[in-house]
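Reader: I would like to go through this model and ask what stands behind each term. Please set the values against the cut-offs.

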Amino acid sequence: MAKYLLLKHYRGAPAAVNDVPMDKWTQDEITAHIQYMRDFADRLEKTGEFVGGEAVAPEGAWVRYDGEGRPPVTDGPFAETKDLIAGWMIIDVDTYDRAVQLAGELSAAPGAGGKPIHEWLEVRPFLAAPPTIPDCPH
Amino acid sequence: MNEALLRSLTPSVLTVLVRRGADFAAAEDAVQDALVEAVRVWPADPPRDPKGWLVTVAWRRFLDATRADTARRRREDRVDEEPAPGPAPAADDTLQLYFLCAHPSLTPSSAVALTLRAVGGLTTRQIAQAYLVPEATMAQRISRAKRTVSGVRLDRPGDVSTVLRVLYLVFNEGYSGDVDLSAEAIRLTRQLATTIDHPEVAGLLALMLLHHARREARTTPDGSLVPLADQNRALWDTTAITEGVAILQTALSRDRLGEFQAQAAIAALHADAPTAGETDWVQIVEWYDELAGLTDNPVVQLNRAVAVGEADGPRAGLAALSKLDDSLPRHTAVAAYLHERDGDTKTAARLYTEAAQKAPNLAERNHLTRQAARLNASR
């Protein structure tokens, strides 16, 4: 029972095996890919492991506080930003191994030629609440 | 209306339905419906016989659901609408329900969810909120769990240790949202203790009570962790401690030691010390040695190293620690603590920073970061 964040990147991950950009796929390949992602989320809901998931637009802005009474400053997007998140999914699973297994299945989503993309996904554990019985007495 | 009282009737109502021949999954749904109905109706119109009321409503729901089902199947195998009175369910039936919900074929998270619903009487929404997952996901987790155990008969005794593991997991989840899972785990373990005479059930109940007693002192109002040594012991719940110690002593007198009794004994020794400085660390080390003989969980050795550090000095603690795999969770945090006790604040500060990066939860990370900052500021 631990939550993990599965992160998909536009940029920043090592190159996928089937590394053809989506705009070079056929219509049917795109449809098949989207269907795979939907089916994956549906299946995880049925296994009681799905928490949430969204895709995010590649273009965003940097925002920071600019002092009392002033509106926040915005900047960017910076084209040179190396790491760019494309989407996320949160799962609630029994073990780390299960999280890795599911990330592996998600990475098998079909791309060009209907073949698995083998893209690299990032798996990050959430920092949960501390247990009632502390593992360490200090 | 006392919701805990209402929920405490859940397992016995459910077992009545199962005894009358309802299958577990359908009976469990019917009991949930009856509980929801009770919450709606009872405040204005409290029944004289709450359990009888629940049985009647749940049985009617079960028949309605079965009838709808049967209609779909062209009314084959119609269920007899007048149930045989049947023998009154014994406490033993409730015990079987615990075994079923903690069945080894279930994953831990499924067993936890099913136990909270079928034995605890919590709604799917409450369980989902407590575990911070969508209600739809929790509903699927529960119905899958019910399917998994659908072939299991309720007439064979199970392994009580599987039940205890599930209750321990619930207790450790603590408090999030509207449901106090620690209190719920204590209630369910207490109820279990009335249905089975087993020293480890008593041991787990004692362990829970002794840790629950410290709850007010464990965190500051903003949620920061307070280590045991720094806790305001006046905030400890002495009633819970007294009860926990009494339960533990009775269990230990049976001379069938187990993991939970040994852990509870350690918690009791902490509870017994009026100040941190008066803790009987020598006895605590002995209990860790006992515990190490009962489980190969490496966390025991890690905690033992801390206790050795208190009993025989930080050098002895570090020596004990050096024999352990340094990839163990919290190994670095223990090393930092022992180095600080040994006067090596430079190493300690570095290790606290490192431990913070590896911390498995936010409260611990913040605590370890604070320790590093405290040492860095004093140098």
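Reader: In what order do the elements of chain A run from the N terminus on?

Author: This is a predicted model, in which local features need pLDDT of at least 70 and side-chain atom pairs count only at pLDDT 80 or more, while totals for chains, interfaces and linings use all residues. Residues are numbered from 1 along each chain as its sequence is written, and chains are lettered from A and ligands numbered from 1 in the order in which they are written. The elements of chain A run β-α-β-β-β-β-α-β, that is, 2 helices and 6 strands. Helices (H or I, at least four residues) and strands (E, at least two) are DSSP runs, numbered from the N terminus.

Reader: What makes β1 and β5 of chain A paired strands?

Author: Two strands pair if DSSP finds at least two bridges between them. Strand β1 (residues 2-11) and strand β5 (residues 84-93) of chain A are joined by 9 bridges, so they pair, and they run antiparallel. Within this pair, Tyr4(A) stands opposite Ile91(A) of β5(A).

Reader: Why is the sheet with the order β2-β5-β1-β6 (chain A) called open?

Author: The sheet has 4 strands with antiparallel pairing. β2 and β6 (122-125) of chain A each have a single partner strand and stand at the edges, so one side of each has no neighbour in the sheet. From one strand to the next, the twist averages 20°; axes here are lines fitted to C-alpha atoms (for helices over the stretch in contact), and angles run from 0 to 180 degrees between N-to-C directions.

Reader: How does the radius of gyration of chain A stand against that of a compact globule of 138 residues?

Author: The radius is taken over C-alpha atoms, and the globule rule is 2.2 Å times the number of residues to the power 0.38. The rule puts a compact globule of 138 residues near 14 Å, but chain A has 19 Å. The C-alpha trace of chain A spans about 55 × 45 × 25 Å along its principal axes.

Reader: What share of chain A counts as buried?

Author: A residue is buried if 20 or more other C-beta atoms lie within 10 Å of its own, exposed if 12 or fewer, and partly exposed in between, with C-beta atoms placed from the backbone. By this count, 18% of the 138 residues of chain A are buried. For chain B the figure is 44% of 379 residues.

Reader: What makes helix α18 (residues 331-341) of chain B mostly covered?

Author: In this helix, 10 of 11 residues are buried, among them His331(B), Tyr337(B) and Glu340(B). The cover includes α16 (298-312), α17 (314-322), α19 (345-358) and α20 (362-378) of chain B. After α18(B) comes Gly343(B), with a positive phi near 90°.

Reader: How many residues of chain A are in contact with chain B?

Author: Contact requires C-beta atoms, placed from the backbone, within 7 Å. On that criterion, 20 residues of chain A touch 35 residues of chain B. On the side of chain A, α1 (27-46) and β2 (50-55) are the elements that give two or more residues. That side divides into 11 nonpolar, 4 polar and 5 charged residues. Ala, Val, Leu, Ile, Met, Phe, Trp, Tyr, Cys and Pro count as nonpolar, Asp, Glu, Lys and Arg as charged, and the others, Gly among them, as polar.

Conventions: Contact = placed C-beta atoms within 7 Å.
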